[in-house]
Amino acid sequence: MSAAGGGHTLGVTIEIPEPYGPELDSFRKRYSSEPDPMPAHVTILPPIDVDADVMAAVVAHLSEVAATTRPFRLRLRGSGTFRPVSPVVFVNVVDGIASCEQLERNVRSGDLAVESRFPYHPHVTVVHGAPEDELDRAFSDLADYSASMVISGMMLHEITDGEWTLVREFPFGG
């Protein structure tokens, strides 16, 4: 599965829709000199290297997963952190966790069946790798954050020339 030469680095996400995505992006810019280049999102499959010859199968697999997935409510509330293990502050997913977990399991199968470094924990990263005082400020500022939305699809991204680019959107159909 690993890319050697003719491979692709892919990731699968749920993008946080307007008005909440741009709102969270503004928080991300406030706390980081290098904000995440992807719009606010819940990661379903973190970056993975795949060989070029399986790209068509990956797209077919994600199309099938999306076709059998029903739209679901996602509610975000309050801040969380992975410190001291990782210098990350995020917004918690408090409703829709089971739907995210099921989607992650379904995506992480077939040609994308790879082991994860960490147990899956749906969240929206706001700050990563900032100084401790910035992490503390973000954690405090986002403590009362709340948003609710319907998620109706997922996205496949690829790193191209060092930047994440959208390859394709997969609307849910179930």
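Does E104 count as buried or exposed, and at what relative accessibility? In this predicted model, E104 counts as buried, at 9% relative accessibility.

**View 1. The buried residues of helix α3.** Helix α3 spans residues 97-107, and its buried residues are C100, L103, E104 and V107. These residues lie on the same side of α3, because they cover an arc of only 100° around the axis. The elements that cover them include strand β1 (7-15), helix α2 (55-67) and strand β7 (153-160). E104 also forms a salt bridge with R108, in which the closest N and O atoms are 2.7 Å apart, and R108 is itself buried, with a relative accessible area of 16%.

View 2. Although V12 and H157 are 145 residues apart along the chain, their C-alpha atoms are separated by 6.2 Å.

**View 3. A salt bridge between R83 and D136.** The side chains of R83 and D136 meet with a distance of 2.9 Å from N to O. Because R83 lies in the loop between β3 and β4 and D136 lies in helix α4, the pair ties together parts that are 53 residues apart in sequence. R83 is partly exposed, at 23% relative accessible area, and D136 is partly exposed as well, at 42%. Together with E132, R83 and D136 are linked in a network of salt bridges.

View 4. R137 counts as partly exposed, at 33% relative accessibility, whereas E134 counts as buried, at 19%.

Methods. Residues numbered from 1 in each chain as written. Predicted model: local features only at pLDDT ≥ 70, side-chain atom pairs only at ≥ 80, totals over all residues. Heavy atoms only, no water. Buried < 20%, exposed > 50% of the residue type's maximum accessible area, 1.4 Å probe, protein only. Helix = DSSP H or I, 4+ residues; strand = E, 2+ residues; numbered from the N terminus. Arc of directions from axis to C-beta. Contact = heavy atoms within 4.5 Å. Salt bridge = Lys/Arg side-chain N within 4 Å of Asp/Glu carboxyl O.
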